[in-house]
Amino acid sequence: MFVMELTYTAPLEAVEDEMDAHIAWLDGYYAAGVFLASGRKVPRDGGVILAGGVSRAEIEKIATQDPFVVAGVCAYRITEFIATKTSADLATVRENPVV
């Protein structure tokens, strides 16, 4: 599983200009089952996406396709982790670590 942390690198007005395209991009990966949750950080200087079911290389490629990245208004920090404990709603993304 991945935590995709976005940090805005441009004024909020420039981010807002790309918001519709960013939401459409999010919707596509929700429909594909890759994105599990997303939202704005507080304070509003970026956002967070929880993703799973793909490799590190795939998630990095997905991040480069974000319209925010294409427009140069955000940068990503991607952290991979093993979700060994989850709520019942997220049981399908639980992982068993290899010892």
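## Accessibility of the paired residues

Partly exposed means a relative accessible area between the buried limit of under 20% and the exposed limit of over 50%. Asp45, at 38% relative accessibility, therefore counts as partly exposed. The model is predicted. Glu5 is also partly exposed, with a relative accessible area of 23%. Lys41 counts as buried at 16% relative accessibility.

## A linked network of charges

Side chains of opposite charge can pair when their charged atoms come close. The whole structure holds five salt bridges. One of them joins Glu5 to Lys41, with the closest N and O atoms 3.0 Å apart. Glu5 sits in strand 1 and Lys41 in the loop between strand 2 and strand 3, so this pair ties together parts that are 36 residues apart in sequence.

Lys41 also forms a salt bridge with Asp45; here the closest N and O atoms are 3.7 Å apart. A network of salt bridges links Glu5, Lys41, Asp45 and Arg77.

## A pair within helix 3

Glu60 and Arg56 form a salt bridge at 2.8 Å, N to O. Both lie in helix 3 (residues 56-64), four residues apart, about one turn of the helix. Glu60 is partly exposed at 37% relative accessible area, and Arg56 is partly exposed at 32%.

## The largest pocket

Strand 1 (2-8), helix 2 (19-31), strand 2 (35-40) and strand 3 (46-51) each give two or more residues to the lining. By type, the lining has eight nonpolar residues, five polar and one charged.

Terms used. Residues numbered from 1 in each chain as written. Predicted model: local features only at pLDDT ≥ 70, side-chain atom pairs only at ≥ 80, totals over all residues. Heavy atoms only, no water. Nonpolar A, V, L, I, M, F, W, Y, C, P; charged D, E, K, R; others polar. Salt bridge = Lys/Arg side-chain N within 4 Å of Asp/Glu carboxyl O. Buried < 20%, exposed > 50% of the residue type's maximum accessible area, 1.4 Å probe, protein only.
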